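Here are my notes from a sitting with this model. I kept each entry brief so that you can follow along on screen.

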Amino acid sequence: MELFLPEPLDPITIARIPFVTAKVDAGFPSPADDHLEGHINLHEELIRNPASSFMLRVKGESMREAGIKTGDVLLIDRSITPVDRHTVVAMIDGEFTVKRFRKKAGKVFLEAANTEFPPIQLGEDQELVVWGVVTYGIHKFA
Amino acid sequence: MGCRHLRHSQIRIAMSDRLALVDCNNFFCSCERVFDPSLVGVPVVVLSNNDGCIISRSQEAKDLGVPMGAPLHEQKEVIRKHGIRVFSSNYTLYGDMSARVMSILRDAVPAIEVYSIDEAFLRLPAGFDEENARELRARVLQWTGIPVCIGIASTKLLAKLSNRYAKKNRGTGCVFDFTTAIDPDGLLAVTSCGDLWGVAKNLSRRLAKLGIHTALDFRLADPVPVRRSLGVIGERMLRELNGISCLELEEMPPSRKGVMASRSFGSPVEELVDLEEALANHVARAAEKIRRFGLLATHLEVFLQTNRFRKDEPQYYPTRGMTLPAPTASTSELMATARELLHSIYRPGYRYKKTGVMLADLVSEDAYQPSLFDASSSTSKRLDIDKIVDEINRRMGDNRTPVITRASMGMESSGKGWKMRAERHSPNYTTNWQELPVAKI
C-alpha cells in the first residue's frame, strides 16, 4: 500500500474548538472547567525519544530481584548509551537477553538479578552487543 | 530577544549548497535483523509480495551470488545449501522503521526529501562535513539498528553517485563526500553511464552513440549534441554532473495524492465473485488508512490485470475511475462504488492476476463542509461506525487478520485462491502488542 499525504491544511481549518463539559442551563458551571488539562498520555510521559524506543516482552526469572518477571513488557531506549548498572537488552549467541550491564575496571560483563544465575563473563569468541537500555517495565497486577 | 526589529523573513539561515543522499543498506533485510539476533552474520533475503522474487539481500546473500529480483523457485538450491534465511515482506515493520530513520534525519538538517522508503535527500547546513555525516550515520545505527550509507555532493545526481561509491567501497566507512574528494574525475572515469541515476538502457545507448561511455565523458561532453540527442533530461544530467544543481529538493510528496491497495493473487482468479471479495478487502484497507489520517476520498479507481508474463493467455488490463458524489471515507460507500466499477470492467474468460483500488484526490475531513442539503447526511454516522471497527481491529487483531470484517470480504476459511501468499512473514515487532520481540532471560 502506498500513501501520499495531502498538502498541509490551511491553519484556520485545523484550529480546534475548546471542549466544555458543563451544561450552561443547569445552574452553576463546574469549577473544574477552568482547570481542564486533557488527559495523561502514558506514551508521551514514558517515551522520551520515539524514534529510538522499542518494546520487548520477557520470559524467564533471571531478573526477578530487579522486579522484572515473566510476561512483563519493557520499554527500551536505544539512544541511551549504557553505563555501569543500567539494565540492558543484549544480544548474545543469537538471542536477546536482559541483564544488568556492569563495567568494572574497564571490564564489561552482564549480571543477573537473581542469585541462582551466575554473572555472564564473555568468552574469547563471544561478542557482547548492547541492543538498548531498559527505561521502564510494565507489569500486570490485575 | 535582541533582534526586535528583525522580521521573520529577514532572518537568513546560512545554507550551504550541498546535499546528502542517505540510503539504508539492504533495508528490508536490515529491518528483519534488528529484531532477530539469530540473523546477525547469516545470509538473509526478503521476498516480494506473494513470495515471488527476492527483493532484498543481506551482504552475505549478495556475496553468495544471489541475484536481485531472482524468482524464489530458481534459488531453492542455493538457499538450502547455504541455509539462507528467507522472509516474506513485512511492510508494516519496514514502514515503521523507515519513519524512525526519517525522523532522525529530519531532526538533524534543515530540510529533507523522503525519496523512497529507504532513501532521503538532505539539505545540509553550512559547515556540515564528513565528520558530521559519520556522526549522523552512527546515530541512525544506534537508535534504530539500521545501517546507512551517506553520499555528499552539490547536486542530487552526484550525491547519488557518491552514495553508490560509499556503499561499494568498504574503506569509506559508508560515507563519501564528493566535494572534498581528492580525485573526483578519477571516480567519474570509473563510473559507467549505465550506473548513473536515471540512466536507463536506451539512454545509455544514445550516450554511447555520442562516444560518451563513462560519467567523466558525460561531464566533459559538449552540451549541444547532448541536448540534441537526449533533450532536456540529458542536458540536466550534464549540468548536475558539473555540480550545477537542476533537481530541486522536493520537500512535498508528488502531486498525485492517493492511497492504493492492491495485491497479486496466489493463483489466477476467473470468477467475478472472487474478484469482488478481494477488492472488498483492498477497499477496506485503503479506507481504514485514509481514516487514520483524517482524510476523505473524492475519486475512486478500480483496476484488473491479467498475468502479462503468460504470453499464451489472453491479456486484459482495464482501469475505470469515477468521482464520488461526495467526499467520503466510509467503507460501505466506497465499496458500493468500487463494486459498480468492477462490474463494469469485468469480462469473463480471463485469468486475472491482480485487482486493486486507488483512493485519490484526498481532502481533509476537517476541511470538508457537507452542504446543508447533502443527501448523504448519514455519512458521518457511517464513518463513526467505521472508526469503531478500526479501533477494535487495531487493538485486538493483527494486521493480517482483522477481528471484524464485512460479509462482502469473505471468510478466511472460505479457501478462496486470492489470499496473498506470505508464508514467512515476521512478527509486527513494533506495531502490535501481541507480536513484540521476546527475550528469554
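**Entry 1, chain A.** I began by going through the secondary structure of chain A and found 1 helix and 7 strands. Reading along the sequence, I wrote the pattern down as β-α-β-β-β-β-β-β. A reminder to myself: this is a predicted model.

Next I looked up burial, and 32% of the 142 residues of chain A count as buried.

I then turned to B:Cys29, which is in no disulfide; its nearest cysteine sulfur belongs to B:Cys31 and lies 9.2 Å away.

Is B:Cys29 buried or exposed? I found B:Cys29 buried, at a relative accessible area of 2%. B:Cys53 I put down as partly exposed, because its relative accessibility is 28% and that class runs between 20% and 50%.

I moved on to helix packing. Helix α11(B), residues 272-292, packs with helix α12(B), residues 331-345, at an angle of about 140°, and the axes are 9 Å apart. The crossing is right-handed.

Which residues of α11(B) make the contact? I listed several, including B:Leu272, B:Leu275, B:Leu279, B:Val283 and B:Arg291. From α12(B), the residues in the contact include B:Leu334, B:Met335, B:Ala338 and B:His343. Sorted by kind, the contact residues come to 11 nonpolar, 2 polar and 3 charged.

Helix α4(B), residues 91-108, and helix α5(B), residues 130-144, pack at about 145° with their axes 10 Å apart. I noted a right-handed crossing where α4(B) passes α5(B).

On the α4(B) side I picked out contact residues, among them B:Met97, B:Arg100, B:Ile104 and B:Leu105. On the α5(B) side, B:Leu136, B:Arg139, B:Val140, B:Trp143 and B:Thr144 take part. My tally for this contact reads 8 nonpolar, 1 polar and 2 charged.

Definitions and conventions
Residues numbered from 1 in each chain as written. Chains lettered and ligands numbered in written order. Predicted model: local features only at pLDDT ≥ 70, side-chain atom pairs only at ≥ 80, totals over all residues. Heavy atoms only, no water. Disulfide = S-S within 2.5 Å. Buried < 20%, exposed > 50% of the residue type's maximum accessible area, 1.4 Å probe, protein only. Axes fitted to C-alpha atoms, helices over the stretch in contact; angles between N-to-C directions. Helix = DSSP H or I, 4+ residues; strand = E, 2+ residues; numbered from the N terminus. Left-handed = near helix turned anticlockwise from the far one by under 90°. Contact = heavy atoms within 4.5 Å. Nonpolar A, V, L, I, M, F, W, Y, C, P; charged D, E, K, R; others polar.
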